[in-house]
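Trainee: I would like a close look at a single part of this model. Please pick one and take me through its surroundings.

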Amino acid sequence: MEKQTGCIHIYCGDGKGKTTTGMGLCVRAAGYGYRVLIYQFMKNNSTSERKILENVPNIRIVDGLECEKFSFQMTEEEKKERKEFYENQFRMLTKMACEEAFDVVFFDELIYTIGAGLFSENLLLDFLKNKPKELEVILTGQGPSSNLIEAADYVSEIRKIKHPFDKGMPSRKGIEK
């Protein structure tokens, strides 16, 4: 397979489907024979998409924490601990992506994590500027900064027009979680 220049994708906005879109691109890449590395920030290890993707050849999903909570539920001490954990995970994952010659890396909800003060945007921007030329990078989450948008090659906004949550319907297994 001929390697191509890797691009940076951002899927953002307040609509449903950012993770689903990123996972779809991972499936497409794996189907082509590309090696894909996935990590989900702010999510535990039981998301529904993991159950099937863990069995797809060429896809490797790295476990995060078993218990996660929303950033607004965390104490300041928990936020500090989580930031240190996420930044260490990111360093480990980017090293793995480079050393093991992955073709695609997907950092799900990393943009949200930055906005919540649980990750240094400069750490991400430095990686994006210095990443291997062929590595495709997928990022999701709400509210990317202008610096992230400028660093990206693709930016797609998924906008909510209507969502059942607005009427009090909780998230449903297999659909929203």
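Mentor: Start with helix H1, which gives the most to the lining of the largest pocket, with four residues. Helices here are DSSP runs of H or I with at least four residues, strands are runs of E with at least two, and both are numbered from the N terminus. A pocket is an open set of points on a 1 Å grid over the protein atoms alone, where a 1.4 Å probe fits and protein lies on both sides within 12 Å along at least five of seven lines; lining residues have an atom within 4 Å of a point. This is a predicted model, so local features need pLDDT of at least 70 and side-chain atom pairs need 80 or more, while totals for chains, interfaces and linings use all residues. Residues are numbered from 1 along each chain as its sequence is written, and side-chain values use heavy atoms, leaving out hydrogens and water.

First, the helix itself. H1 covers residues 18–32, which makes 15 residues. At 1.5 Å a residue, H1 should span 21 Å, and its end C-alpha atoms are 22 Å apart, which agrees. The expected span is 1.5 Å times one less than the number of residues.

Now look at its sides. Lys18, Thr19, Gly22, Met23, Cys26, Ala29 and Ala30 are buried in H1. They cover an arc of only 125° around the axis, which puts them on the same side of H1. The arc is that of the directions from the helix axis to the C-beta atoms. Buried means under 20% relative accessible area, exposed means over 50%, and partly exposed lies in between (1.4 Å probe, protein chains only). An α-helix has 3.6 residues a turn, so residues three or four places apart point the same way.

Just after H1 comes Gly33, with a positive phi of about 110°.

Back to the largest pocket. Its volume is about 1,500 Å³. A volume is the space filled by probe spheres set on the grid points, which are joined across faces, edges and corners. The lining has 36 residues, and Lys43, Phe70, Glu109, Glu176 and Lys177 lie nearest the centre of this pocket. H1 and H2 are the elements that give two or more residues to that lining. By class, the lining holds 10 nonpolar, 12 polar and 14 charged residues. Nonpolar covers Ala, Val, Leu, Ile, Met, Phe, Trp, Tyr, Cys and Pro; charged covers Asp, Glu, Lys and Arg; the others, Gly among them, are polar.

H1 and E5 each supply at least two residues. The space in this pocket is about 310 Å³. Its lining has 15 residues, with Gln4, Ala29, Tyr34, Val104 and Glu136 nearest the centre. Six are nonpolar, four polar and five charged. Ala29 is also one of the buried residues of H1.

In strand E5 sits Leu139. Leu139 is buried, at 0% relative accessible area. Beyond its neighbours within four places in sequence, Leu139 is in contact with Ile8, His9, Ile10, Tyr11, Phe107, Leu110, Ile111, Leu124 and Leu128.

Then go to the loop between E2 and H2, where Met42 lies. Met42 has a positive phi of about 65° although it is not a glycine. Most residues other than glycine have a negative phi. Met42 counts as buried, at 13% relative accessibility. Asn45 is placed in the loop between E2 and H2 as well. Asn45 is buried, with a relative accessible area of 15%. Not counting residues up to four places away in sequence, Asn45 touches Arg50, Asp63, Gly64, Leu65 and Glu66. Asn45 and Glu66 are 21 residues apart along the chain, yet their C-alpha atoms are separated by 5.8 Å.

Technical notes: Contact = heavy atoms within 4.5 Å.
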